[in-house]
Amino acid sequence: MNEPVKSTRIPIVERVLEANDQLAATVRTDLERRGIFAVDIIGAPGSGKTALLEATLRALKGRRRPAVLVGDLATRRDGDRLAKWCDQVVQISTGQGCHLEAGQVRDALAQVDLTRVDLLLIENVGNLICPVGFDLGQAAKVGVFAVTDGDDKAAKHPYLVQAADVLLLNKIDLLPYVPFDRSVFEADVRLLNATVPMLDVSSTTGEGLDGWVAWLERGADSARGS
Amino acid sequence: MHEFSIAEALATQILRHAPAGRRVREVEITVGALRGLEPEAMKMCWEAVTHDTSLAGSVLVMDMRPWTLTCPACGRAWESPVPFAECTCGEASPRPTAGDELDLVSMTVDDDDDAAAAEAETR
């Protein structure tokens, strides 16, 4: 009769996403050295990320030198839309991937002339969960919620609410037409994150865009000064 | 499904750490509540990414860390699987906090001979 195989438990202290985090740190160091302010924009499919970026690029025209990375599962449509407003747009097709990873950002940045950039806008794959846990080397995370998605989305996505450096409430022009209880949404956000700035925006009417663009420009100014 | 990417990253990590020729029996990770990982989905993904590798058949053990809720009214603090829950004092909005740790803690490997076992025990 065989004796049961003995085994040994080997303790290891390491983060599971260590490899991604190291790549992200390399990207971050390079962007900071160049004085580029990078934001990772995270929101659900249909929350209006691409339309918001179109409006943002329009507002930044002649004021800043942006580059855009767009993550998408399969199509190039978002990239094509944004190329009308910005001459440095790189589409990252993630295939089955539900989020961007630092290696994809590093590879995409190799296609950008970074000497002509002071602001990097990264539109993550439409998803409120997966992208939050993957550091891309950004300076700030931007969470996008839309009033059409329902007022429970903050409570259902605590990681994004807690990790975000700014939260945008998009499609604010539609607020009178949808059952979105703003006080519920705000109370949930504040329980999870007492200090994150919350900005109302509408890419359609332009409402609130100046506040959002000013937030971006403050970040770009401080990145250049550092 | 971020579970799949995480399982892939974990498998790569374990293959790097595993001593040559020793079968990996168990892998242990700690998961903060903020990560929103589904244990069942994670197990399924672990099986999927390891089935054609030397890690096939290894068991993934997940220590799922709970939320901590703190009541602003009575000051009570307790652990909860969900971020939003009423306090026993009636307060409707205790403050939820949780970690986003996602850490590899240990792996358990079969001993190939007594010498290897003795060596591992003295570490």
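Two residues are in contact if their C-beta atoms, placed from the backbone, lie within 7 Å. In this predicted model, B:Leu10 touches A:Val16, B:Val27, B:Ile29 and B:Leu104, when residues up to four places away in sequence are left out of the count.

**The nonpolar core**

B:Leu10 is also one of the residues with the most contacts inside the largest nonpolar core, a set of 90 residues in which A:Val68, A:Leu120 and A:Ile122 are listed beside B:Leu10. The largest share of this core, six residues, is given by helix H1 (residues 2-17) of chain B. Because domain 1 (1-7 + 23-65 + 101-123) and domain 2 (66-99) of chain B both give residues to this core, the core lies between them.

**Chain A as a whole**

The secondary structure of chain A comes to eight helices and eight strands. The radius of gyration of chain A is 19 Å, close to the 17 Å that the globule rule gives for 226 residues, and therefore chain A is as compact as a globular protein of that length. Further values for chain A are set out below.

| Property of chain A | Value |
|---|---|
| Span of the C-alpha trace along its principal axes | about 80 × 45 × 35 Å |
| Share of the 226 residues that count as buried | 47% |
| Share of contacts with a separation of 6 or more that join residues 24 or more positions apart | 77% |

**Two packed helices**

Two packed helices are described by the angle between their axes and the distance between the axes. For helix H1 (residues 18-33) and helix H4 (residues 102-109) of chain A, the axes come within 8 Å and cross at roughly 30°, and H1(A) passes H4(A) in a left-handed crossing. On the side of H1(A) the contact is made by A:Asn20, A:Leu23, A:Ala24, A:Thr26 and A:Val27, while H4(A) contributes A:Ala102, A:Gly103, A:Val105, A:Arg106 and A:Leu109.

**Where chain A meets chain B**

Between the two chains, 25 residues of chain A are in contact with 30 residues of chain B. The elements that give two or more residues to the side of chain A that touches chain B are E1, H1, helix H6 (158-163) and helix H7 (182-192) of chain A, and the largest share of that side, eight residues, comes from E1(A).

A:Glu14 is found in this strand, E1 (residues 7-15) of chain A, and touches B:Gln13 and B:Leu104, again not counting residues up to four places away in sequence. Is A:Glu14 buried, partly exposed or exposed? With 13 other C-beta atoms within 10 Å, A:Glu14 is partly exposed, since a residue counts as buried at 20 or more such atoms and as exposed at 12 or fewer.

How values were computed: Residues are numbered from 1 along each chain as its sequence is written. Chains are lettered from A and ligands numbered from 1 in the order in which they are written. This is a predicted model: local features need pLDDT of at least 70, side-chain atom pairs count only at pLDDT 80 or more; totals for chains, interfaces and linings use all residues. A nonpolar core is a set of buried Ala, Val, Leu, Ile, Met, Phe, Trp, Tyr and Cys residues joined through C-beta atoms within 7 Å. Helices (H or I, at least four residues) and strands (E, at least two) are DSSP runs, numbered from the N terminus. Domain bounds come from an automatic or database domain assignment. The radius of gyration is taken over C-alpha atoms; the globule rule is 2.2 Å times the number of residues to the power 0.38. Axes are lines fitted to C-alpha atoms, for helices over the stretch in contact, and angles run from 0 to 180 degrees between N-to-C directions. A crossing is left-handed if the near helix is turned anticlockwise from the far one by less than a right angle, and right-handed if clockwise.
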